[in-house]
Amino acid sequence: MNPATLKRIGLGGITGNPIAFAVVLALMALLLAIPLTHNGYIELVFRNILMYAAMAYGWNLIGGYTGYVSFGNVAFFGIGAYCSAILATHGVDNLLLYVLLAMAVSAVFAAIVGFPVLRLKGHYFAIATLGVALAVTDIIANLDALGGTGGLALHQVDEAHFSIYYYAMWLVALGSMLGTYFIARSKLGYAFVAIRENEDAAAVLGISATRYKIVAWTIGAMMAGAAGAVFAPANGFIDPSITFAIDSNVFPIAMTILGGIGTVAGPFIGALLLAGANELLQRFFVKAHTLFFGAMIVLIVLLLPRGLVWLFGLRGGARAWLKSLSVYKA
Amino acid sequence: MSEVALRISNVGMRFGGLWALSEVSFDVERGSVLGLIGPNGSGKTTLMNVISGVYKPTAGEVTYGGKRIADVATHDVCHLGIARTFQIVKPFASLSVRENVAVGAMYGRYGAKRSTRASFERAQELLEVVGLARVAERPASDLTIPDRKRLEVAKALALDPDVLLLDEVMAGLNATEVEEALDLLRSVNARGVTLIVVEHLMKAIVSISTSIVVLAEGRKIAQGAPADVLGSPQVIEAYLGSRWVKRQEQLAVIEAERIEAARLQPPEAGA
Amino acid sequence: MHLIAQDLVNGILAGGILAVVALGFSLVWGIMNIINLAHGAFIMLGAYTTYQLFTSFHVDPFLSLPVSFVLLFALGYLIQRFIMNWVARAPVLTTFLLTFGLSLLIVNIALNVWTGDTRGVTTAYSGANFTLGDVTVPWAKLFTLLAALAITGVMQLWLTRSRTGRAIRATSMDIGAAQLSGVRVTEIYAIVFGLGAGLAGVAGTLISLSYALNPSMGDLFLVKAFVVCVLGGLGSVPGALVGGLVYGIVEAFATQIDVTVGGQHISGSGLQDAIALVVLLIVLIVRPTGIMGKATA
């Protein structure tokens, strides 16, 4: 069994395993009930999971489906957060407007930056996107109008209505998930995958790699931007180190890979697992939680190198799984 | 006189200090089958790359319907009605066979007018035409070499071309399969598609071509009806050499044996 | 005028360290196609090795260079041999994630051993410097630069001349062909990853002479390693040196920018990373495979 076959068997089609997707939709429905029973800490934990899921979906479009590994998506999250903050400081107090502006600005920024950056391939693209993220961070940190390193405070709704942020984040995550599902099944999805598999062969079939890479990158940016737009008022305060944290950059990538890269269910499953485990470990192991967290990632990669979604499509039980472990061995 | 579909005029292609092609000119008539032959390294694949817009020629030009191919982006060449296969097959490994063909139907010449569903239906039709319907759901990376060649042809046909460039689609096929492939190409041609065929199998070329162009060391050395070109002692002796012909026959036997041994095993993916 | 000369010297001195920081990262990425996110953690371990030897046994930081190298080489070798090797042929993102996990693990262990407090290595010559005309040169940084140059030179010689070095380069060009010629790929990979870690350890030792230490110090250097190695050309030893020097100099000059545009005061000292990265973007757009990279992709 060669690696490509292995990948295909587990993932079942361009949207991934349908059972995994059904499970994820059911989980999303359950998450709608969280604020009814648990507010406060638990609600915050799940709001973070939803936020990471939306960012992971954004990354999955360019990194998973199109095969261009970006280290810059956190820039769009940050831009989204600052869009909310700017509107808030101008007295606008409407979450929908925050999200719409954030998506528009992220999209425009992504398209402009995309033209030079997406000409680069592989490693060079990865590094250029990291450059974009760091440059945006530095520039915002140096703009007094945006609070510089001191950050900006946002007006929040009163406590009785606080769950509105949760529901908004839920909608952003759901939109990102369903958006990914419908895009993947459409012509667009096939263009992305064709570019990932072989750019030259895609061109001969009439696919303009540059155009569709920018489309994937821009739609992904809108997802991250929307998540940032809700995060800012929900958190009540933003500054460059919160909004452009390394975690916000690496976590969504790690979640997508752990869940199942290039699938619709993967980013959500990865977000639930990773962000959930991170919270639990932080609660129970004050000093050593990142140690366990790191060890957990190492183990999952070694035991499930194709991601969790792959398990849903695995046939042949434990023996097939054991056999799969040495597929990537040198 | 029939209409000229493709005009290759004075095409030269240089890689570093080497001219892979120089001063190559010929016309391809609409609806004809042009056989392109020559020893290894004579520039056949390079010419295919120039015609399909993958390379921009260093000198001269290729025009199709009065339009210079070099002015058209690679991804727009198929929208003019020119499609090609690759000698080294390039399937999208993680997509199924049907999806591979459907991508062509979605983004090819009439792709803009096709829905996703219609593209899949078109792909299924083409898989039946090339004889791959039995493996439509399998990942492309699982295919054997002969099936990969069929997939290449199906992908190219999905672009609804007027001109189809076929780069060694019969290499690696056994005698029965070659016959099947020839029947397929004849039926494609019968629907009005102009074919340019690069092939090492002389018998196949002779039986399908309406005219033949011979390349050697990047230059056109002969052109004409198959019987005239190949029967000409001048071409055989002066350009191919009798030893070359004999050697090709020997090589074909060795190749056929090697392929029979390997064809049942799919190649390693990602190779 | 003297400011320009001073910036140039500061840039070159910083660039030498950056070259060593990027060298191991670049070799591992270029030869094994692994983006090693634990590289920063290895640098941190190298720095703390020097700190521990210095505070406990008064070993001069320069003398602890070989110790850092050997310890980190062993760690890298073992990690590759017993952990990374399981996914050696997996897509680059799989190993990327694995090294992310390793990095979290190592940094957390360091936090528990050395706490999060900022520490430093202060030697007798730490503050010493000499002046050359108007330009001030700290001795420690000068020796660091010389050490960096020596290490880069030795690496280049070893990779091109030694038997193992040639096997490594053969493996990076064509794994299958190298295996057929009798190269033991598992062993070669372990050596390269060990080398990457060892060089990170050396970089950590050099860094400890001029920068403060804390367990998460590696992050900053990881990002710089990323940029420098792409700037210079992936997997290229001379590329790492050139990339390091270019980055160091650009950063040094960027700190001098001090302008006011439309009432908005812009100071280069906060923006030096942004400026360095914009330079990187321009380099990549003009030369998509780095300064010393091969002309074809």
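**The interface of chain C and chain A**

Chain C and chain A bury about 4,300 Å² between them, 75% of it on carbon and sulfur atoms; buried area here is the accessible area (1.4 Å probe) that two parts lose on being put together, summed over both. C:Trp86, C:Leu93 and C:Leu97 supply 15% of the area that chain C buries against chain A, more than any other three residues.

A note on the basis. This is a predicted model, where local features need pLDDT of at least 70 and side-chain atom pairs count only at pLDDT 80 or more, while totals for chains, interfaces and linings use all residues. Residues are numbered from 1 along each chain as its sequence is written, chains are lettered from A and ligands numbered from 1 in the order in which they are written, and side-chain values use heavy atoms, with hydrogens and water left out.

In contact terms (heavy atoms within 4.5 Å), 45 residues of chain C meet 49 residues of chain A.

What about polar links? Between these two chains there are 0 salt bridges, meaning a side-chain nitrogen of Lys or Arg within 4 Å of a carboxyl oxygen of Asp or Glu. The rule finds 1 residue pair in polar contact across the interface, both at pLDDT 80 or more. A polar contact is a pair of N or O atoms within 3.5 Å; within protein, one must be able to donate a hydrogen and the other to accept it, and residues adjacent in sequence count only if both atoms are side-chain atoms.

By class, the side of chain C that touches chain A has 29 nonpolar, 14 polar and 2 charged residues. Nonpolar covers Ala, Val, Leu, Ile, Met, Phe, Trp, Tyr, Cys and Pro, charged covers Asp, Glu, Lys and Arg, and the others, Gly among them, are polar.
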